[in-house]
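Dear colleague,

My notes on what was found in it follow directly after.

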Amino acid sequence: MSEIDQGNKYELTQTMHGDFTFKHLQTSEILHGQVGPRQEAERLYVEQSGIRETPQSHYVVYDIGMGCGAQLFAMYDAFLANKSISKLTIVSFDLEKEGLRLLLENIQYFPYLKENIALINLLLKTDHLHYSVSNIKEFEWIFLSGDFNKLSDNDLNFLPSADVICYDFFSPAKHPHLWTYSNFKKLFAKSNLNSVLITYSSATAVRAALLAAGYFVGFGAISGKKAKSTVATRKLENLLEPLPVAWKNTFAASCAKFSKQETDKNIIQQKINSHPQW
């Protein structure tokens, strides 16, 4: 039986600094293991997305690798704080909702989420939630379950284009099939001209696949002791710190320039050589 057939299994644990989080049993990865789920979600995804400052009335978040909901609830709270956003749509992708179920069971260890208990219960009961938060604010949540690799462009056609994509699957080392050119290419097709894709990964293979998919790619914020995160946009001018042309040498010298399950190596190589970022 494959890991996908089994679904995700987690257990409560603590980070090196004592913050409560969860451990993914199949890979032994500790979610947000450096700084804890709330701080990492805020620093990497909320702050770099610009959701707190955006003047947009409708804001769309793709929550890729929902897990135990760190990005989901951090984005929801930022939406409540921004008076300009009248509607927030979050699209969450995962095998199932096991992370949310376990979060609810252990909510006493996450006091900052106690105001979201009613919301968590609603998310567990349906795959499409749409309700009025107040007279002026509206929240929509769409959950797409199953293997992300098997989603086609047609499967995503009904979704609104993303303003921010939080790409937070398990690491490229443990789940290389989720960090490929084909996955980033289908997300590129669902991103708008000013959208941003953010991921904690600093892997050369990830940045290469993003470049090949059509994005301009740059360095992002640091979380904990990790290297700089990765930010990808459709406009070079939207990057604060683009990868320099010297990064091509890093790619050329790397012994891990492609995901272990990459099937489009030649395409990636060609597109990097001719990429307009350089």
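Tyrosine 112 counts as partly exposed, at 34% relative accessibility, in this predicted model. Its ring forms an aromatic pair with that of phenylalanine 110, and the geometry is edge-to-face, with 6.3 Å centre to centre and 85° between the planes. Phenylalanine 110 has a relative accessible area of 2%, so this residue is buried.

A search of the whole structure finds 19 aromatic pairs. In another of them, the ring centres of phenylalanine 20 and tyrosine 109 are 4.5 Å apart and the planes stand at 40°, so the pair is tilted. Phenylalanine 20 belongs to strand β2 and tyrosine 109 to the loop between α4 and α5, 89 residues apart, and the pair thus links distant parts of the chain. Phenylalanine 20 is partly exposed at 27%, and tyrosine 109 is partly exposed at 33%.

One aromatic cluster includes Phe169 and Tyr200. Phe169 and Tyr200 are also among the residues nearest the centre of the largest pocket, which has 39 lining residues. This pocket holds about 640 Å³ of space, and its lining has 19 nonpolar, 13 polar and 7 charged residues.

The second largest pocket holds about 440 Å³ and is lined by 23 residues, with Gln48 and Val231 among those nearest its centre. Its lining comprises 9 nonpolar, 12 polar and 2 charged residues.

Two charged side chains also deserve mention. The charged end of lysine 228 sits over the ring of phenylalanine 219, 5.6 Å from its centre, and arginine 234 lies over the face of phenylalanine 188, at 4.2 Å from the ring centre.

With kind regards

How values were computed: Residues numbered from 1 in each chain as written. Predicted model: local features only at pLDDT ≥ 70, side-chain atom pairs only at ≥ 80, totals over all residues. Heavy atoms only, no water. 1 Å grid on protein atoms, 1.4 Å probe; cavity = no way out; pocket = protein on both sides within 12 Å on 5 of 7 lines; lining within 4 Å. Points joined across faces, edges and corners; volume = space filled by probe spheres on them. Nonpolar A, V, L, I, M, F, W, Y, C, P; charged D, E, K, R; others polar. Phe/Tyr/Trp six-rings, centres within 6.5 Å; stacked < 30°, edge-to-face > 60°. Helix = DSSP H or I, 4+ residues; strand = E, 2+ residues; numbered from the N terminus. Buried < 20%, exposed > 50% of the residue type's maximum accessible area, 1.4 Å probe, protein only. Lys NZ or Arg CZ within 6 Å of the ring centre and 35° of its normal.
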